Structures are given as C-alpha cells and as structure tokens.
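Here is a short report to read alongside the sequence and the 3D view. Please keep both open as you go.

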Amino acid sequence: MNTATKLSGFALGLAVVFGATYGVGRVADPVAPPVEAPHDATGGHGNDGEAGHGGDNGTAAHLPGGLLVSDRGYTLHPLGAPAGQFAFQVTGPDGRAVTAYDVAHDKRMHLIVARRDLSGFRHVHPEMQPDGTWRVDSPLAGPGVWRAFADFTPTGGEALTLGVDVTVPGALTGRPLPAPATSTTVDGYTVTLAGAPQPGRTAELTLTVSRDGAPVTDLEPYLGAYGHLVALRQGDLAYLHVHPNGEPGDGRTRPGPEVSFSAEVPSAGAYRLYLDFKHGGVVRTAEFTVVAGSPTVPGTPAATGAPAASTPAATSSPTADASHGVPGHGHD
C-alpha cells in the first residue's frame, strides 16, 4: 500500500447518461460500446497517490478518476439484472470481459456509488462470476441519478477508476450540500477533521475518532487500513481515492484515535469526504464537506463550527461489512 496519496490534474468531464431501463435503473446499453459525447474529456486517473495515466490521445494524465466510462481500452458496461441487483462487466482492449484482477486493498473490485447531489453514498464489493460479470445487491438507495465508480486493477495493467451514471426512477427532491465543518457524528461516534485541502499541492488531513468523549484507540483494520477515504468534487463528482499514512502491523501506525492522509486535490472548489472506519465489527462512514481554495463556493453554505449536517442515512443504523442493498451509507 502507498503511504502517501497525491492526486493531480483536472479537466471537466461529464459521463454519458444512458437510457436503457433495467431492474435497478436506467443504465448503459450493455451490448454496444459506449461512445463519448463531444463534451466528454478523455482520460483516466491514478489510484493511491499516482497522477493520472496517459490515455489513447495523451490527455488522460490531466484528469482525476471516475470521469470516464472508457479509458486505456477498458470500458465499464452496466448489465441488465433482476430487481434489487446491480450487475456489470469490464471489457478490455480485446473487447472481451476481463476476468483477471489484482487484489488491491483486500479486494479485486471496489464499487462506490454516490447520488449526484452527494446526499447518498455506498461502498460495496461485488462478487465476480466466471464470465467476468460482477454482481451485488443493488447499492442504489432510492430515486435519483447516481454515479457508479468501478475501482480496480486489471492483472498486468494499471489501476483504473471508471464511472457511469445510473438513473433510478422516482420523485426526488434535491438536497443542498451541507456546510463545511470540522466535526461530524455518526452512530454515537464523533469524528473531527484537522487540516484543509489545498488545490494543486499536498496537504495532510488528520481525522480523529472518539466515542462518548473518549478517544477510540482500538480501531480495526478495514481494507488493509485503519481508515479509508473517498473524496468527490461537487459538480462533476471527480473521484479522489486516498489512503492513510501507514498501515496496520508496520510497527509505527497506531489503531486510532488519529488517522492521517496525505492528499492533493486538483482544483479549488467544494468536496465531500467520506471516511470509512471499523470499530466493534461494524464499518461506519463519517462525512464532511470541505472547501479547497476559495473560502466560499456558489451553492455551498458558508463554513460553520458546528458539526456537518449528515444525511438521514449517515446517522441511521450503520451497515455491517457483509450487508448489501440497505438504504444509506453501507459497506461490504
């Protein structure tokens, strides 16, 4: 595992929104290769502190992850699935479904979904069938447009994050992004944030976990670390996947209460941070809104010292590691 994550580069990209309807929503045509819209940027991203990798036209190095459905010959294909399930394949440069993946952070595939207004978030780990189809109980909790991110490393290739929009039909009232804050609560735990992201340069973010006023000093490893952080940029949902400094068993990293990350955001703007941490056998997600660069961003409430407003799902019953498809902020 890398001990410092630097993520750089930026170009706006909007993923193709697809129209075929399946059991979990409207997604891409699983047969025809997706064709990028003219306004789509072309490129990729690097996980775990690497800058974006070059794409076919050499511009991918300037993009964060998750903005593209296809990169470096690999394409994300959502598939038809029974109601309550989500299925997809990744095809490789030869046009065939990829079946060989490296294990990264204890899993061969990380599927993260977030509602476009950032009011919903799930991190699950599908199971692959022999034909390269990944299946999982649907993590799409309620109507709206969701961004699905497939985070993986094909064997013999480089780490990739591909993204696609999936629409779940139904009435939805958009929610404003919660105000920036340095403290939030989830299921009785208080998580505080020290440090602030800086556009284009590395900054250290330290998150401290406490419960009932006492520091939590026995965090449990989750995906090979004491904390797992995803950052999504408001607007295009550029995906920034970072990991903590140090790892369990390295002789110097303590199991709490602090978990520190080195991260570099690609631009000024508002970001939503999702910290997964495990304690008492349960994974929970603490959420923060942070602003890099300008102290205020249009459409984002001014910063306050009060805890960030959590979505109902974030403060309801947490989801244990093995669960799927439960509304809210869950894990697998």
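## Terms and model

Two strands count as paired if DSSP finds at least two bridges between them. Strands themselves are DSSP runs (E, at least two residues), as helices are (H or I, at least four), and both are numbered from the N terminus.

The model is predicted, so local features need pLDDT of at least 70 and side-chain atom pairs count only at pLDDT 80 or more, while totals for chains, interfaces and linings use all residues. Residues are numbered from 1 along each chain as its sequence is written, and side-chain values use heavy atoms, with hydrogens and water left out.

## The chain as a whole

The chain holds one helix and 21 strands. Of its 332 residues, 55% are buried (under 20% relative accessible area, with a 1.4 Å probe and protein chains only).

Take contacts, meaning heavy atoms within 4.5 Å, between residues at least 6 apart in sequence: 67% of them join residues at least 24 apart.

Let's look at strand β9, residues 134-137.

Strand β5 (residues 85-91) pairs with β9 in the antiparallel sense, over four bridges. There, Gln85 has Asp137 of β9 as its bridge partner.

Strand β8 (residues 127-128) also runs antiparallel to β9, joined by two bridges, and Glu127 is bridged to Arg135. Five residues lie between the strands of this β8 and β9 hairpin, where Gly132 takes a positive phi near 90°.

Terms used: Buried < 20%, exposed > 50% of the residue type's maximum accessible area, 1.4 Å probe, protein only.
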